[in-house]
Amino acid sequence: MLLSILDRSRTRTGFDDAAALTATVDRAINAERLGYHRFWVAEHHGVPGIASGAPSILLAAIGARTSRIRLGSGGVMLPNHQPFVVAEQFAMLEALYPGRIDAGVGRSLGFTEPVRAALRTRRDAPDTFVADLDELRGFLDGTGPVKVRPAVPAPPVYLLATGQGLAIASKAGLPVVVGGPLLKSDGAALDIYRKNFRATAKNPQPTVIVSLDITIADTAEDAAELVLSEAWAMAQSRRTGEFPPLEQASDIDLDAAPQRVRDRVQRSIATAVHGTPGHVLAMLEELIVRTGADEILASTSTYDRGALLDADAALIELF
């Protein structure tokens, strides 16, 4: 089982945004030392809780501090960009760090209306994602109307997929990254993706990467405390419409929160993959069997950066 990491450069109360980016670079260095297969970063715009808005720049910084681990985006959101510019960015990364770059792409729009306006995107705009994806692949492969420079072998493309995205990926013959509700289903949607997959020379087989938070600690109680910060942030975002920085668990007063917020936090903790090494291994083994996953992409976030690095070390020891 291949193990990889998706780091969203989560901000934390008491620290500036620059500290989140420095922590991402440090985590990548540690992931390479531990033996992880790949390290991906995210794209989010105008979100207080996430410092990563330009994945190609962050990947360039990580590439300069690592030597072997694969690097990529989880992912670049094509509705926010011209495909030619994305192709140029990833060709540049491939030239700098040959054979190590992945171009993970998705289709999400900005989180709020002001962010969408700043990005010149609209919810009611025509859906051009399939055409943009084809255009991006053409530019990367060297078959587009304009030659991308620098001229390099095309980095592999991965699609962050939901239900509709799975159909697009199978038709295009692309590997998929799935998370959220799809991981709680019976796997039927993934079976359809595999059945309808159109093999290509680059991707002769369908590939499924599952992305989820995985938090491991010495005790179940410690793991639950580590998970609380992210669960609290998610619940707050549902209440306020804004995704906040992580707070230290000891500073979170659940008793003072509205009942609806407390319920959301408890549901989030109950469904998260967290606990002692043995408990987490059992949960992951069930998930792998149910989804047929080829790779696990851990998107874990904790307030305590030391605990996060410990969780990374504990996860890779499971396999």
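Rings of Phe, Tyr and Trp (its six-membered ring) pair if their centres lie within 6.5 Å; planes under 30 degrees apart count as stacked, over 60 as edge-to-face and the rest as tilted. The structure holds four aromatic pairs; two are shown below. This is a predicted model, in which local features need pLDDT of at least 70, side-chain atom pairs count only at pLDDT 80 or more, and totals for chains, interfaces and linings use all residues. Residues are numbered from 1 along each chain as its sequence is written, and side-chain values use heavy atoms, with hydrogens and water left out.

**View 1. Phe-15 and Tyr-303 form a tilted aromatic pair.** The ring centres are 6.4 Å apart, with 55 degrees between the planes. The pair links distant parts of the chain, 288 residues apart. Phe-15 sits in the loop between β1 (2–7) and α1, and Tyr-303 in the loop between β11 (295–298) and α11. Helices (H or I, at least four residues) and strands (E, at least two) are DSSP runs, numbered from the N terminus. Buried means under 20% relative accessible area, exposed over 50%, and partly exposed in between (1.4 Å probe, protein chains only). Phe-15 has 41% relative accessibility, so this residue counts as partly exposed. Tyr-303 is at 16% and therefore counts as buried.

**View 2. Trp-40 and Tyr-158 form an edge-to-face aromatic pair.** Centre to centre, the rings are 5.4 Å apart, and the planes make 70 degrees. Trp-40 lies in strand β2 (residues 38–41) and Tyr-158 in strand β6 (residues 157–160). The two are 118 residues apart. Both Trp-40 and Tyr-158 are buried.

**View 3. Helix α1 (residues 17–34) packs with helix α11 (residues 305–318).** Their axes come within 11 Å and cross at roughly 25 degrees. Axes are lines fitted to C-alpha atoms, for helices over the stretch in contact, and angles run from 0 to 180 degrees between N-to-C directions. The crossing angle makes α1 roughly parallel to α11 (under 35 degrees; over 145 is roughly antiparallel, 65 to 115 roughly perpendicular, and the rest oblique). From α1, the contact (heavy atoms within 4.5 Å) takes in Ala-19, Ala-20, Ala-23, Arg-27, Asn-30 and Leu-34. From α11 come Arg-305, Leu-308, Leu-309, Asp-312, Ala-313 and Ile-316.

**View 4. Helix α2 (residues 55–65) packs with helix α3 (residues 83–96).** The angle is about 5 degrees, and the axes are 10 Å apart. α2 and α3 are therefore roughly parallel to each other. Ser-56, Leu-59 and Ala-60 in α2 meet Gln-89, Phe-90 and Leu-93 in α3.

View 5. Most residues other than glycine have a negative phi, and most peptide bonds are trans. Gly-75 is in the loop between β3 (70–73) and β4 (76–77). Pro-150 is in the loop between α5 (129–141) and β6.

**View 6. Ser-9 and Arg-120 have positive phi values.** Phi of Ser-9 is near 50 degrees. Ser-9 is in the loop between β1 and α1, and is buried, with a relative accessible area of 1%. Phi of Arg-120 is about 60 degrees. Arg-120 is in the loop between α4 (113–118) and α5. With 72% relative accessibility, Arg-120 counts as exposed.
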